[in-house]
Amino acid sequence: MKRSAIIPESRIEILNDAEVNREGKYVLYLMQRAHRSEQNFALEYAVKLANQHSCPLLVAFGYDPEFPDANDRHLDFMLGGLQKTAQALRRRNIGFIFRTESPLKFAAGLSEEAAEMVVDKGYLRYHRSLYHGLCRRLTTRLTQVETDSVVPHSLVSDKQEYAARTIRPKVMKQLDDHLVWLDTTSVNIAFQLDHLPTDDIQRVRDSLRFSDIHSVTEFFPEGTAAARSRFDDFLKNELAEYDKLRNQPHDPRLSHMSPYLHFGQISPLYLLLRMRELWDRKSKNTESFTEELAVRRSLSQNFCLHQREYDSFECLPGWAKESLNKHKDDEREQIYTRKQLENGETNDPYWNAAQQEMVLTGYMHNHMRMYWGKRILGWCNTPEYAYQTTLYLNNKYFLDGRDPNSFANVAWLFGLHDQGWKERPVYGKVRIMTQGGLKRKTDPEAYRKKVEQMSR
Ligand SMILES: Cc1cc2nc3c(=O)[nH]c(=O)nc-3n(C[C@H](O)[C@H](O)[C@H](O)COP(=O)(O)OP(=O)(O)OC[C@H]3O[C@@H](n4cnc5c(N)ncnc54)[C@H](O)[C@@H]3O)c2cc1C
């Protein structure tokens, strides 16, 4: 496998036209998305800039207590990961500073002494508006580096793609060119400016109250090393049956990488390179995993980059909205309140088990996520309310929630990236999933028993 320390131009974008500050005391990298010290293009780019300016590198994280939909479950995992990343950065002679403050204010303040500043590309509104705000306030150069996609989006597409079939060839034809290990660059000048006050991450972590949601680090230990080790287990013990068994909720062969990918604790490119290192031949299993990680994940990011309304019913394709609205007043087999759904109190034991898995572990099997979401559509009195309820539950309980994958996949339940099917009550032309279908394709009773066992 090839190695290189070069950061491809296609990952780099200068966001403002300010000059660099030749008097700057450090280069600043605001690490808001890619919380890792390895295989991180934004970090290595910032190291190179620091070496060019003959100054140290400072990595900063602004912990925003107002971050949309964040709760103590998410924060616990994220803060634990950041603690480990901070230690790893210090081992590389890179400074790390953490502050409970709006990242905009925090970074703008730090930028006054910076030679220039780097951010990592995010795909959601929050990061876009943060960087937009920074552009207006900064008097030094701001560069964005894309590090959380396999193939950079600037090379994939400049518009919203219709479906996996339209984005797949665009990703796949460039994939091999991007399968290159990123070599680290040594830091020439160690960070030693200790006049910058930093908050104690452990203290913030200790202050979490977990009032209506518990921590799930028992199921998902946080940090890059934990992700690497779990992924190696998957490659050694499970990938051989990924294609055959990935859709079997009672006995799945899955990587469980989504929480780590969401918080940037692991690089998607690392996962593909590591897979190719241990599995040198292509197979149905490696192709199927590549499809999920490189194609489907890219489709979700593409959706959030190009669709402003990515978190609302409005984002759906015209045919789906029209058809769902036509059937808006159809009689529902059953209506449940949001609370009943949250408590897993429906008449469907398999759905309740899926909800329980999500509440208990912060994760749910992919096939059950599809079934879970499709049923909610049938149990709410309007499709808009079903949409908001599904997003609410998804983003509250999943450790990988609030991700481009969350928004694209919830929208998929309602017709995004799909086609029209045979028209039915309530669902209109939107694809339906029934308990009968679940029983034909999987063993939901074994899944229910497994979740019951886990919750004892
Ligand atoms: C209703 C619904 C809601 C979902 N909500 C989320 C969410 O909040 N966050 C989230 O990350 N994923 C979400 N998904 C997508 C998918 O279910 C998860 O990414 C996957 O189950 C994570 O488990 P894994 O890492 O073990 O997957 P693996 O099968 O091991 O796949 C490896 C990686 O490929 C990517 N991937 C897998 N399936 C998909 C997919 N359908 N779309 C895009 N990328 C995919 C993920 O990054 C995943 O970590 C949702 C799917 C549905 C149907």
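The questions and answers below go through a predicted model, from the whole chain down to single residues.

Residues are numbered from 1 along each chain as its sequence is written. Local features need pLDDT of at least 70 and side-chain atom pairs count only at pLDDT 80 or more, while totals for chains, interfaces and linings use all residues.

Me: How many helices and strands are in the chain?
Reply: Helices (H or I, at least four residues) and strands (E, at least two) are taken as DSSP runs and numbered from the N terminus. On that count the chain has 20 helices and eight strands.

Me: What radius of gyration does the chain have, beside that of a compact globule with 456 residues?
Reply: The radius is taken over C-alpha atoms, and the globule rule is 2.2 Å times the number of residues to the power 0.38. Along its principal axes the C-alpha trace spans about 70 × 45 × 45 Å. For 456 residues the compact globule would be near 23 Å, and the chain agrees, with 23 Å.

Me: What percentage of the residues in the chain is buried?
Reply: A residue is buried if 20 or more other C-beta atoms lie within 10 Å of its own, exposed if 12 or fewer, and partly exposed in between, with C-beta atoms placed from the backbone. Of the 456 residues, the buried ones make up 46%.

Me: Of the contacts with a separation of 6 or more, what percentage is between residues 24 or more positions apart?
Reply: Two residues are in contact if their C-beta atoms, placed from the backbone, lie within 7 Å. Residues 24 or more positions apart account for 82%.

Me: Between which domains does the ligand lie?
Reply: Elements that give two or more residues to the shell around the ligand are helix H10 (258-262), helix H12 (284-306), helix H16 (366-379) and helix H18 (404-413). Both of the domains in question give residues to this shell, so the ligand lies between domain 2 and domain 3.

Me: Which residues come nearest to the ligand?
Reply: A residue is near a molecule if its C-beta atom, placed from the backbone, lies within 6 Å of it. By class, the shell has eight nonpolar (Ala, Val, Leu, Ile, Met, Phe, Trp, Tyr, Cys and Pro), seven charged (Asp, Glu, Lys and Arg) and twelve polar residues (the others, Gly among them). Of the 27 residues around the ligand, the nearest are Leu-254, Ser-255, Asn-405, Ser-406 and Asn-409.

Me: Which helices do the buried residues of H20 pack against?
Reply: In helix H20 (residues 444-454), Pro-444, Tyr-447, Arg-448 and Val-451 are buried. They are on the same side of H20, because they cover an arc of only 100° around the axis, taken from the directions from the helix axis to the C-beta atoms. On the other side, Ala-446, Glu-452 and Gln-453 are exposed. The buried residues pack against helix H15 (349-361) and helix H19 (435-441).

Me: Where is Asn-93, which has a positive phi although it is not a glycine?
Reply: Most residues other than glycine have a negative phi. Asn-93 has a phi of about 65°, and with 16 C-beta neighbours inside 10 Å it counts as partly exposed. Its place is in the loop between H2 and strand S5 (95-100).

Me: Is Asp-69 buried or partly exposed?
Reply: Asp-69 is found in the loop between strand S4 (57-63) and H2, and its phi is near 65°. With 14 C-beta neighbours inside 10 Å, Asp-69 counts as partly exposed.

Me: What distance separates the C-alpha atoms of Thr-140 and Ser-111?
Reply: Thr-140 is in the loop between helix H4 (125-137) and strand S7 (142-145), and is buried, with 20 other C-beta atoms within 10 Å. Beyond four places away in sequence, Thr-140 touches residues including Ser-111, Ala-114 and Met-117. Thr-140 and Ser-111 are 29 residues apart along the chain, and their C-alpha atoms are separated by 7.3 Å.

Key: Domain bounds come from an automatic or database domain assignment.
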